[in-house]
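Colleague: Can you walk me through this one? I'd like to start with the charged contacts.

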Amino acid sequence: ILCEDMLPWYTDPAATFVMRRNSARRGSAVVFKACRLDPLRVLANILLSENRAEVGGTVFWMQDGQVMTIEPLGLSSSTLQWDRNLAGYGVNAATQPVRIAGPVNYTATVYGEALNPPLRYTLLDYYNQTVENGTADFLQISLIGSNCGNERSFLSGTDTLATGLKLKHGI
């Protein structure tokens, strides 16, 4: 849903809008993208039931840092009812990855063997939920600065040219 095609915004507290048995990769019930917050348009009196998002969120919204900097108004309202929805992460609400969690600095002296502990990074959404989405999101890391004497420094056996690695699922 783009904002021009918004959900019906009910003002009648007795009315309930039902979104049931929908499926999608993201946002099985509804997706919000580039929606300006309007205090007159608040999610309310909605039953979200038996929706299935393959990846993330019964409600998925794009946190873009410009237009949608916070969740849609009413998304945390007690008038929204969540019933038996399924999603890869963020069963109720989710966003795309907006943060990364992992070590900023890592020091190790290892030659020709795996790092112990291994470097591990996690992609997080607006709600600090781990983003699990198959093949779509990759994290590029590069080696910056090393002191390996005459030895070439690289991150793994696939990085023998020391150009960096692409990690999938934080590994």
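Modeller: The side chains of Arg 25 and Glu 54 form a salt bridge at 3.0 Å, N to O; the term means a side-chain nitrogen of Lys or Arg within 4 Å of a carboxyl oxygen of Asp or Glu. This is a predicted model, where local features need pLDDT of at least 70 and side-chain atom pairs count only at pLDDT 80 or more, while totals for chains, interfaces and linings use all residues. Residues are numbered from 1 along each chain as its sequence is written, and side-chain values use heavy atoms, with hydrogens and water left out.

Colleague: Where do Arg 25 and Glu 54 sit in the chain?

Modeller: Arg 25 is in strand S2 (residues 23–26) and Glu 54 in strand S5 (residues 52–56), 29 residues apart. Strands here are DSSP runs of E, at least two residues, numbered from the N terminus.

Colleague: Why does Arg 25 count as partly exposed?

Modeller: Because its relative accessibility is 35%. Buried means under 20% relative accessible area, exposed over 50%, and partly exposed in between, with a 1.4 Å probe and protein chains only.

Colleague: How many salt bridges in total?

Modeller: Four. Another one joins the side chains of Glu 50 and Arg 84 at 3.4 Å, N to O. Glu 50 is in the loop between S4 and S5, and Arg 84 is in the loop between S7 and strand S8 (86–89), 34 residues apart.

Colleague: Is Arg 84 buried or exposed?

Modeller: Exposed, because it has 59% relative accessibility. Arg 84 also meets Asp 83 in a salt bridge, at 3.0 Å, N to O. Through shared partners, Arg 21, Glu 50, Asp 83 and Arg 84 are joined into one network.

Colleague: Different topic. Which strands pair with S4?

Modeller: S1 pairs with S4 in the parallel sense over four bridges, and S4 pairs with strand S7 (residues 80–83), also parallel and over four bridges. Pairing requires at least two DSSP bridges between the strands. Met 19 stands opposite Leu 48 in S4, and the bridge partner of Ile 46 in S7 is Leu 80.

Colleague: Which way do the S4 side chains point?

Modeller: Ile 46 and Leu 48 point one way, Leu 47 and Ser 49 the other, and all are buried.

Colleague: And which residues of the largest nonpolar core touch the most other members?

Modeller: Phe 32, Leu 48 and Leu 75, out of 14 residues. Strands S3 (30–32), S4 (46–49) and S6 (59–61) each supply at least two residues of this core. A nonpolar core is a set of buried Ala, Val, Leu, Ile, Met, Phe, Trp, Tyr and Cys residues joined through side-chain atoms within 4.5 Å.
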